[in-house]
Amino acid sequence: MIKSLFAARPKGQDGEKSSLAGLFSKIADARKSGATTESTLDGLDRTQAAAAVLMVEVARLDTDYSGSETDRICSIMQREFGMSLEQASELLNTAEEKHEEAYTNWLFTKTIKEKAGLEERSKVMEHLWDIAYADGELHELEADLLLRIGQAMELPENERIHALERMFAKRVPELAANQS
């Protein structure tokens, strides 16, 4: 499993996984004190938060932000980040807020580029393709955004293509079942 990006959250002092609710309180307190965007993400795994915001960005791009896309985002966060459904939903809500607050996706691609290795960036790209295709079609604006995100994360073109191929390979059984 990919270690830093898709690893479980760090444990708290008592050995339990830290509560996302507590982290969100920390973010709210930081905002009230006038903290910068960078410091408001200090309590979260910044790469996971950045990936979540990018998934929301891709899902909302075609203006049809639906349950299938939010379900897929939560599913990816549960599977890849080791979160419960409640934790994934809370992170999704935070990602939606970040998106609505007009943070540019480039802050988040920069975080991923700086903190994630090639394999991790490729995995993020695969998940972004998955979200873009969650409604069963790939909108031209979604494809364009994903190409720009891949470039901003400094993901080589062949890795962006492999990420798309891996996503389709995983979805083939699901797509076949839906056709029946």
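Arginine 72 is buried, and aspartate 130 is buried too, where buried means under 20% relative accessible area, exposed means over 50%, and partly exposed lies in between (1.4 Å probe, protein chains only). This is a predicted model, in which local features need pLDDT of at least 70, side-chain atom pairs count only at pLDDT 80 or more, and totals for chains, interfaces and linings use all residues. Residues are numbered from 1 along each chain as its sequence is written, and side-chain values use heavy atoms, with hydrogens and water left out.

**Salt bridges**

The structure holds nine salt bridges, each defined as a side-chain nitrogen of Lys or Arg within 4 Å of a carboxyl oxygen of Asp or Glu. Three of them are listed here, with the distance between the closest N and O atoms.

| Residue | Partner | N to O distance |
|---|---|---|
| Arginine 72 | Aspartate 130 | 3.5 Å |
| Glutamate 80 | Lysine 123 | 3.8 Å |
| Aspartate 144 | Arginine 148 | 3.2 Å |

Arginine 72 forms a salt bridge with aspartate 130. Arginine 72 belongs to helix 4 (residues 67–81) and aspartate 130 to helix 7 (residues 118–132), so this pair ties together parts that are 58 residues apart in sequence. Helices (H or I, at least four residues) and strands (E, at least two) are DSSP runs, numbered from the N terminus.

A salt bridge also joins the side chains of glutamate 80 and lysine 123. This pair links distant parts of the chain, with glutamate 80 in helix 4 and lysine 123 in helix 7, 43 residues apart. Glutamate 80 and lysine 123 are both buried.

Aspartate 144 forms a salt bridge with arginine 148. Both residues lie in helix 8 (residues 140–152), four residues apart, about one turn of the helix. Aspartate 144 is partly exposed, with a relative accessible area of 37%; arginine 148 is partly exposed, with a relative accessible area of 37%. Elsewhere, salt bridges that share partners join Arg72, Asp130 and Arg171 into one network.

**Arginine 171**

Arginine 171 is found in helix 9 (residues 157–179). It is buried, with a relative accessible area of 4%. Leaving out residues up to four places away in sequence, arginine 171 touches Arg72, Asp130, Tyr133 and Ala134, contact meaning heavy atoms within 4.5 Å. Arginine 171 and alanine 134 are 37 residues apart along the chain, and their C-alpha atoms are separated by 9.8 Å.

Helix 3 (residues 46–60) has 15 residues and reaches 21 Å from its first C-alpha to its last, close to the expected 21 Å. The expected span of a helix is 1.5 Å times one less than its number of residues. Helix 3 is mostly covered, as 14 of its 15 residues are buried.

Helix 3 and helix 8 pack at an angle of about 155°, with their axes 9 Å apart. Axes are lines fitted to C-alpha atoms, for helices over the stretch in contact, and angles run from 0 to 180 degrees between N-to-C directions. The two helices are therefore roughly antiparallel to each other, a term for angles over 145 degrees. In this packing, Leu54, Glu57 and Val58 of helix 3 meet Glu142, Leu145, Leu146 and Ile149 of helix 8.

Helix 5 (residues 85–100) has 16 residues and reaches 22 Å from its first C-alpha to its last, close to the expected 22 Å. Its buried residues are Gln87, Ala88, Leu91, Leu92, Thr94, Ala95, Glu96 and Lys98.

Conventions: Parallel < 35°, antiparallel > 145°, perpendicular 65-115°, else oblique.
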